[in-house]
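Visitor: Could you walk me through how some helices pack in this one?
Guide: Gladly, let us look at it together.

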Amino acid sequence: MIKFGPSGFCEDFLAAGHKKSEELGDWLDEHNLDAFEVSFTNGINYGDEKCKLLGDMFREHNITVSVHAPYYINFANPDPTMIEKSIGYIINSLKKMKLLGAKCLVFHPGSLMKQTREEAHARVMQNLKLLLERLNQENFDFEYYICPETMGKHGQCGTVAEIAEMCSLDTRIIPTLDFGHINSFGLGNLKTEADYEEVFQILKSFIGDRYKKVHIHFTHIEYGPKGEVKHVKMEDNPQNFGPEFEPLAKVLKKLEITGEVISESPGHQTREAVYMKNTYNGK
Ligand SMILES: [Zn+2]
């Protein structure tokens, strides 16, 4: 089963006169959506009380919650003090996630800086092992997944194969498949059902049947020679950068994939999540 929802507040939520995150439960119900992603991308800026309040609301409305960790995380950084900071962002996000009732923590694994792709990836793998040791020490008493995301720019770590290898480190690591990013990195490589299936085949080759549980971001993204340029609304994509959701919807059904599909549209997150849910359900 796949759940669908928006990331953060969208234009439509605000245009309808809503201002507070406490109103999200009713908003998602109205749109028949069942997932939501809390964005800590610019910092972990919710206090514990707020997280508890939102956690109760999400539970009451049966919403599957995920969290996007800060953008500052970079497990490819050669500086050990910066790795400590990245580990801190993950641990502090997880503490809030327990209160929010969230299970999946999305994070960007790192950027190449001045290293080759291979060097940067090796460093990310090494530092994720360190992170896992620290998570063992923290001994969190709730079920969670840390979900490294496939990235769209050529200067970032996170090809499908790199993410799949990260997932092979531990059962607590599952992928965030951002198909807009994958398509931008590959300069428009996702077109047919076979193209989407290949992504899952790569995952399967690293983690076996665990590939069936994933977290997904789906947004149309403009790209250039170096990959991702910017997220665009589906209806505002005249150059047709894609990718298209229809073939993915078929593949998700065929392979019996479970998880959440989150829209990161710049403004139309709710209506695009509704569109994708309807497409998936054949409406
Ligand atoms: Zn992201």
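Visitor: Which hand does the crossing of H8 and H9 have?
Guide: The crossing of H8 and H9 is right-handed, the near helix being turned clockwise from the far one by less than a right angle. This is a predicted model, in which local features need pLDDT of at least 70, side-chain atom pairs count only at pLDDT 80 or more, and totals for chains, interfaces and linings use all residues. Residues are numbered from 1 along each chain as its sequence is written.

Visitor: And which residues make that contact?
Guide: Glu193, Tyr196 and Glu197 of H8 meet Pro247, Leu248, Lys250 and Val251 of H9, where contact means that C-beta atoms, placed from the backbone, lie within 7 Å. These residues divide into 4 nonpolar, no polar and 3 charged.

Visitor: What angle do H8 and H9 pack at?
Guide: Helix H8 (residues 193-207) and helix H9 (residues 245-254) pack at about 50°, and their axes are 8 Å apart.

Visitor: Switching topic, how far apart are the axes of H4 and H5?
Guide: The axes of helix H4 (residues 80-100) and helix H5 (residues 117-138) are 10 Å apart, at an angle of about 45°. That makes H4 oblique to H5, and their crossing is right-handed.

Visitor: Which residues of H4 and H5 meet there?
Guide: From H4 come Ile83, Ile87, Ile90 and Ile91, which meet Asn127, Leu131, Arg134 and Glu138 in H5. The residues of this contact divide into 5 nonpolar, 1 polar and 2 charged.

Conventions
Axes are lines fitted to C-alpha atoms, for helices over the stretch in contact, and angles run from 0 to 180 degrees between N-to-C directions. Helices (H or I, at least four residues) and strands (E, at least two) are DSSP runs, numbered from the N terminus. Angles under 35 degrees count as roughly parallel, over 145 as roughly antiparallel, 65 to 115 as roughly perpendicular and the rest as oblique. Two residues are in contact if their C-beta atoms, placed from the backbone, lie within 7 Å. Ala, Val, Leu, Ile, Met, Phe, Trp, Tyr, Cys and Pro count as nonpolar, Asp, Glu, Lys and Arg as charged, and the others, Gly among them, as polar.
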